[in-house]
Amino acid sequence: MPNTYLLTIVTFLPLAGTLALLLLRREDHEWIRRLALVTGVAEFLISLFLLRGFDPANPFYQHEEMRPWISSPPINYHLGVDGISLFLVLLTTFLTPLAMLASWKSIEHRVKEFFVMLLVLETGVVGVFVSLDLALFFFFWEVMLIPMYFLIGIWGHERRIYATVKFVLYTMFGSILMLVAILWLFNSSGKATTGGTFDLPVIQALLQAGKIPLGHTAELLLFGAFFLAFAIKVPLFPLHTWLPDAHTEAPTAGSVILAGVLLKMGTYGMLRFCLPLFPNAAREFAPYIEALAIIGIIYGALVAMVQTDLKRLVAYSSVSHLGFVVLGIFAFSPISVQGAVYQMLNHGVSTGALFLVVGMLYDRRHTHEIGEFGGLATPMPIFAALYLVACLSSLGLPMLNGFVGEFLILLGTFGAHPRAAALASTGVILSAVYLLWSYQRVIYGPVTIEKNRLLPDIDLRERVILFTLAAVMLWMGVASPMFTRRIAASSELVLNQMQRPEPQPVEATLPPAAQPLAMKADQP
Amino acid sequence: MFPPLQDAYRIAPELVLFVFGLLVMLMDPFVPRAHRGITATIALTGAALGAAAIALPRANLGLAFNGLLRIDEFSIFLHAVVGGATLLVILGSAEYLERENLPAGEFYALVLFATAGMGVMVSAQEMVTAFIGLEISSISSYILASFRRDVPRSNESAIKYFLLGSFATAFFLYGVALGYNALGTTRLAQLHVALTSSTPGVLATLALALMMVGLCFKVAAAPFQIWTPDVYEGAPAPVAALLSTGPKAAAFGLLLRILFVAFPSQGERWLWVVWISAALTMCVGNFAALLQSNMKRLLAYSSIAHAGYILVAFAARNELGIAAVLFYLAAYALAKLGAFLLVAHLGGAGERHMEIDDFAGLGERQPVAAACFSVFLLSLLGLPVTAGFLGKFYIFKAALDSKLLWLVVLMALNSVVGAYYYLRVIVVMYMREPKDDAPPLPMSLDLGLVLLLTVAGTLFLGLLPNLVMGYATQAATSIR
């Protein structure tokens, strides 16, 4: 395979940026911000090169890189993107500079550390999306916790310490069991290849060919360990309780990255690992997972509706929206999976925009209470218009991006489970209720609080942020085939990878009841 | 009969350490207080030469002194860990001794002697020789623990350590004697032969049990861990740094040799003892650490928890397990040394600021110190990029190879519990406002060097473990 350095550059450029940042003096706030932004923008532009030479018809990994890293056990530095991860990488590199712009004025305290953490976070997240080695994947997965921990803990709001510790402990609890599962998988792979392997494509191929013996119980346990880690990250109801706290307490940039990208790591993991590696367990658990996803959709929407805190409202809307993604993944239809991947991107853009909007209000009034606002259309007309676009995108108005994803998910799900699709579609209505209702209370009506009358409208920097996002929302809404045609092949491949060969003749002669036992005998 | 010259090469590190220890002790009365730097320089040279002298036995692997000692890769690896720890402790404690006005000569001499004792322990092939090494290191440690003589707590700690420690070494010696009685030898290899050639009786099992009691005490494994927090809290912080790394590594090394060279045939029996002790140790260490408000006690309980993790690798009973123990000891020593020596510095005169809350706002006041401390804590917590992660990774792997799934899950959950208290310290350092406007303490060059070495080592092992892990694997195969 041709070894290029593109993915390495995309992964580690932000880290190189932090080294440059460390050379600046702590007091040079302006230069620190500029350098960080330049790094972020350069990173985005370079990541666009991933599109060049990306073959949409090829469902396999592209831009692959493979170098030995740790010799024993063999952990390779194996990177690659396919249609699923490609846009998630782009989403990350796209949102990070916007998050930096958004923190331009609101972060006055320990500026240098802030941008260092943001860039380290970017490296960690991109690394998660491009790693094709299980151990390397875990490496990035855990590393990313450290900057997020500091981002929430240092620059967050009042209850930041509680929120950040809760966030880290939840995530660690899930991921440490995933580490055990990864090692278990490695040990089982030792039966098929000498010395075993952490390489995802290899393990996947071996599992699919039935060369790695995995008993029924073993598969369920492994699936459970992986799924728990991802479900906490998504977060799937009832594991979502860390999310409102973390989102609400994080600084704007932290919320944007957290909601925009970090949650996708969970759904990405389900798609990348849970489905292709453990299809039988996935099918077995699918009804329960779908039920939880639907509960999450409706519960998240209902709870969002009664929030008085705008940021908490957006946070709960994430629980609801990510429920759609999980539903789409576990419906196992090509359309719904494609829709799920697209919805990950949509949610990143629209919820990112909503958090930025909330952040702009917070910069002006230092509160998230909906009751503190009202009638903002008068002092801030441009802001009001762009806020509306973000809301409409999030609630899935046709022409904007959110519609495409939700539609594909519901369409794909309906074929397999009409009832699930029907229940989930109430979530679309509910999201219109909570988003528009909150919009109405914040923007329309008379200005009730005198302070709000004098609020300045958004300045150039803020306009750049919101106009960019609005343009992307519109673009993704009308030109969705540009994206979906690159996503389609890989998401279909995931479903193909779930196919397992018929049991071999020797095992087929066994009576059905004895089969699991026979397989159990050689499980690790 | 005089032993051949090669044997002298094989114990070169111990010889150098002893000579320099004596030199420091003899010179001390003649060095005026104002020039105590000279003593420190000599001690440092001794430790450095002692560490460098490891090259000599490395070039002359083999049995020494009629098979009393065995110089193999295993002993070289642990010599490096122990010698490195001593070097860092001596480097990092000059400032502390100056500040607390403690007699430097005795301190350095005792540290050097203790290290020599540990060196004997990790090479010993014969139990009485091992016992001599154990005693040399223990007795020096007892005195070191009481080094702040005018502080009652330090004396309390030393008495506790001495009384319990003497019992433990007595148990060990009793075990050796019983083993001799039952099996007719005190040499590891011959013990193995005796155990496999005939069915061993109760006495042999009892001998193993007693030896394990003695060594479990030394490594602070449950249920023999009670002394640890009190002793670490009372002892001067640099001594705590030494106690939690050097003697521990040596005792683990000796335990490895006893279990894997002499008693592998009894594996089914000691497996469960180790299993239960590992589970107990990590739970006790982690859950007790949650409640601590004193930094030294927190680190003490954390070192108990880590002893539990290391015992998981013992329970794996495979070669990777031994290599994982060695790698983990190196990773753990780097983080613990750095942490304790930094705490010694930040504690201020008389170790007044040892409460965790005293570290509030450290990220603002002393960003470099806080960043280093965070690296150590993250390594102890086992996050990637640091050595601690790969250490845990190897232990998980070794234990899963032996199908110890539940022990691994228990260890995994324990490390999440551990995350809470390590992160709490980081919270205090970075996310709390300082209590008072304490001026930043200027850091000495020595300590800066220690921090540089430990942080660099932690990251090196965490990112490029091939070299060290390769040697640890070689060492693991060499002991038999």
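The buried residues of helix H5 of chain A are Leu134(A), Ala135(A), Leu136(A), Phe137(A), Phe138(A), Phe139(A), Phe140(A), Trp141(A), Glu142(A) and Val143(A). Here a residue is buried if 20 or more other C-beta atoms lie within 10 Å of its own, exposed if 12 or fewer, and partly exposed in between, with C-beta atoms placed from the backbone. Helices (H or I, at least four residues) and strands (E, at least two) are DSSP runs, numbered from the N terminus. Since 10 of the 10 residues of H5(A) are buried, this helix is largely enclosed by the rest of the structure. Its cover includes strand S2 (75-81), helix H4 (111-130), H6, H7 and helix H8 (200-208) of chain A. This is a predicted model, in which local features need pLDDT of at least 70 and side-chain atom pairs count only at pLDDT 80 or more, while totals for chains, interfaces and linings use all residues. Residues are numbered from 1 along each chain as its sequence is written, and chains are lettered from A and ligands numbered from 1 in the order in which they are written.

Helix H5 also takes part in the meeting of the two chains. In total, 25 residues of chain A are in contact with 25 residues of chain B, where contact means that the C-beta atoms of two residues, placed from the backbone, lie within 7 Å. On the side of chain A that touches chain B, H5 (134-143), H6 (145-155) and H7 (160-189) each supply at least two residues. The largest share of that side, 13 residues, comes from H7(A). By class, the side of chain A that touches chain B has 20 nonpolar residues, four polar and one charged. In this count Ala, Val, Leu, Ile, Met, Phe, Trp, Tyr, Cys and Pro are nonpolar, Asp, Glu, Lys and Arg are charged, and the others, Gly among them, are polar.

Along the principal axes, the C-alpha atoms of chain A fill a box of roughly 80 × 55 × 40 Å, and buried residues make up 59% of the 524 residues. Chain B has 22 helices and two strands. For its 480 residues a compact globule would have a radius of gyration near 23 Å, and the 21 Å of chain B agrees with this. Of the 480 residues of chain B, 63% count as buried.

Two helix pairs in chain A show how its helices pack. The axes of H12 (residues 279-305) and H17 (residues 418-443) of chain A come within 9 Å and cross at roughly 20°; axes are lines fitted to C-alpha atoms, for helices over the stretch in contact, and angles run from 0 to 180 degrees between N-to-C directions. H12(A) and H17(A) are therefore roughly parallel to each other, a term for angles under 35 degrees. Their crossing is left-handed, meaning that the near helix is turned anticlockwise from the far one by less than a right angle. Among the residues making this contact are Ile294(A) and Ile298(A) of H12(A) and Leu423(A) and Leu430(A) of H17(A). The residues of the contact divide into 13 nonpolar, three polar and one charged.

The second pair is H14 (residues 334-365) and H15 (residues 381-395) of chain A, packed at an angle of about 145° with their axes 9 Å apart. The crossing of H14(A) and H15(A) is left-handed. Residues including Leu354(A) and Val357(A) of H14(A) and Phe383(A) and Tyr387(A) of H15(A) make the contact, which has seven nonpolar, four polar and no charged residues.

The loop between H14 and H15 of chain A holds His366(A) and Pro379(A). Phi of His366(A) is near 55°, a positive value in a residue other than glycine, and with 9 C-beta neighbours inside 10 Å His366(A) counts as exposed. Pro379(A) has 16 such neighbours and counts as partly exposed. Leaving aside neighbours within four places in sequence, Pro379(A) is in contact with Asn452(A), Arg453(A), Leu454(A), Leu455(A) and Asp457(A).

Methods. Angles under 35 degrees count as roughly parallel, over 145 as roughly antiparallel, 65 to 115 as roughly perpendicular and the rest as oblique. The radius of gyration is taken over C-alpha atoms; the globule rule is 2.2 Å times the number of residues to the power 0.38.
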